[in-house]
Amino acid sequence: MRKPDHYLFATQIDWDIIIIGGGATGLGIAVDAANRGLRTLLVEQADFAKGTSSRSTKLVHGGVRYLAQGDIGLVRHALRERGLLAKNAAHLVHKEEFIIPCYSWWSILIYGIGLTLYDWLAGKLSFGKSRYRPKKEITALMPGIKSKGLKGGISYFDGKFDDARLAINLMQTAQEQGALLINYMQVTQLLKNDDTVCGVEVKDLLSGGHYNFGAKCVINATGIFVDDILKLNNPNTPQMVRPSQGVHIVLKKEFLNSSYALMIPKTSDKRVLFAVPWHEHLLVGTTDTPIEEHSLEPRALQQEIDFILNNASAYFESKPSTHDILSVFSGLRPLAAPAKAGKNSTKEISRDHKLVVSAKGLLTITGGKWTTYRKMAEDTVSLAINEMGLAPRPCATQHLPIHGNSQTTGNDYLDTYGTDRKHIEALCLQKPELLAPLHPNFPYIVAEVIWAVRSEMALTVEDVLSRRLRVLFIDAKAAIEMSTMVASLMATELSLDQKWEADQIEKFNKLANGYVYQGK
């Protein structure tokens, strides 16, 4: 645990850029800014990727849905970024083949044409060509698919990744580039010199300490919380972000029993739904529900869970029920909403990012998605340099390897650590007892908890079980069962007492119960 005034030295530094927010956008900006030689500080009110950035559908993609909407420009640059990310984080981003089952010959024709265009837009960074597959092939590749009425289908390639683990690796990359990143550090005020924002006042939520950090430029990259930061500057600022809730459920992989992913091209509300193999389970989602309130721990509505089950069941041979849900989690998309957007519609709200100068010394970035985080960061830092008179230097992140980057097979779960795998194995060689499993149903071992504390800035049981090991998002009841052992390991590693240990177990189990389906 951090000591009081642990970061007092940072108050003495004249920062070029302070980034508020440790999700995909903020972490990407930290990497870019530090790589350009700017003195960079990032503060995050919770853990890195605590919010939306750990709750995606785990896709690195151009967006087939956006192609159907005619947004060719967004798809083209997202496909380019997909290709760059696959090269820069090869240990995390893997090619995944998706199958679109078709129950009419007309849909085979339409999706075949659309995905040929998708392939063409990817150009040299293509993951592979889409193609028609007859019914016999599809039922063999995906035994759990509904075969009645199936005519055949189209398969295409896109990317799959672990969102929270990429966030942790981006945090490590930013550190290696010279940035300072602090989690559990909440911004309470913006510091101002007349009408110019010149820093932030923060509270360390772990030690209770208060600090003032000064900077030439403050970047608001807080996702669904951007309006909260803007109101610190001007309480009368109009709402800039429109939250949309996306819910996912996790099932046993046997419902499709396939290494291929399923794309349901048209749901009951004319959107798309994915069923993606992930950590030996099946991730199904997502919804798109406009909501009024935002929080770090949003909860799924019963109607959203029913929507996913009903639409997925139409394509599954074995129909999943609420009793089959191992974990249910929600994320809030920070959509950049135009003034004309309807109150109850998210269909017209832009999925692309929006970057504005909110005040002198204050930039705000909204919208976007994981796939395009790097380009969002590039645009943000370039604008900061131009607007705030910072030392100019071109962006070089297009070919900057992300921490851990290595060509791995993806067949062993430890490969997700990339080049850090050898460090975890070294810990086990030093102390063989660190090879002990954390749970009989999962491959995770004690050494990973130690590594998360020592090298990945994990400070709570939730940090480990939610975003370092992902168990909470896969099987919430199993995560609860693991919490006692993880708390004990962390308490020993951090030299903390039994009171801290008991408090962590209680807090985590209360949180985890929100991921267990509670019934109607």
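**Helices, strands and cores of the predicted model**

At 1.5 Å a residue, the 16 residues of helix α9 (residues 373–388) should span 22 Å, and the end C-alpha atoms of α9 are 22 Å apart, which agrees. The expected span is 1.5 Å times one less than the number of residues in the helix. Helices (H or I, at least four residues) and strands (E, at least two) are DSSP runs, numbered from the N terminus. The structure is a predicted model, in which local features need pLDDT of at least 70 and side-chain atom pairs count only at pLDDT 80 or more, while totals for chains, interfaces and linings use all residues. Residues are numbered from 1 along each chain as its sequence is written, and side-chain values use heavy atoms, with hydrogens and water left out.

The buried residues of α9 (buried means under 20% relative accessible area, with a 1.4 Å probe and protein chains only) are Y373, R374, M376, A377, E378, T380, V381, A384, I385 and M388. Just after α9, G389 takes a positive phi of about 70°. Helix α3 (residues 72–88) has 17 residues, which at 1.5 Å a residue should span 24 Å; the end C-alpha atoms of α3 are 24 Å apart, in agreement. Among the buried residues of α3 are L74, V75, E81, R82 and N88.

Strand β2 (residues 40–43) has T40 and L42 pointing one way and L41 and V43 the other, and all are buried. In a regular strand the side chains alternate between the two faces of the sheet. Strands β1 (residues 15–20) and β2 pair in the parallel sense over 4 bridges, where pairing requires at least two DSSP bridges between two strands. I20 stands opposite V43 in β2. Together with helix α1 (residues 24–35), β1 and β2 make a right-handed β-α-β unit; right-handed means that, with the strands pointing away from the viewer, the path from the first strand over the helix to the second runs clockwise. Strand β7 (residues 180–182) runs parallel to β2 and is joined to β2 by 3 bridges, with L181 in β7 as the bridge partner of L42.

Strands β8 (residues 185–193) and β9 (residues 196–204) pair in the antiparallel sense over 8 bridges, and L190 stands opposite V200 in β9. The two strands form a hairpin with 2 residues between them, and D194 in the turn has a positive phi of about 60°.

A nonpolar core is a set of buried Ala, Val, Leu, Ile, Met, Phe, Trp, Tyr and Cys residues joined through side-chain atoms within 4.5 Å. Of the 71 residues in the largest such core, I17, L166, L181, V200 and F213 touch the most other members. Apart from this core lies another, of 47 residues, among them L434, V471, L489 and F508. Leaving aside neighbours within four places in sequence, I17 is in contact (heavy atoms within 4.5 Å) with residues including A33, L41, C217 and A384.

Two polar residues were also examined. S56 lies in the loop between β2 and β3 (59–60) and is buried, with a relative accessible area of 17%. A polar contact of 2.8 Å joins the side chains of S56 and D163; a polar contact is a pair of N or O atoms within 3.5 Å, where, within protein, one must be able to donate a hydrogen and the other to accept it, and residues adjacent in sequence count only if both atoms are side-chain atoms. E97, in strand β4 (residues 94–102), is buried at a relative accessible area of 12%. The side chains of E97 and S155 are joined by a polar contact of 2.9 Å.

Notes. Buried means under 20% relative accessible area, exposed over 50%, partly exposed in between (1.4 Å probe, protein chains only).
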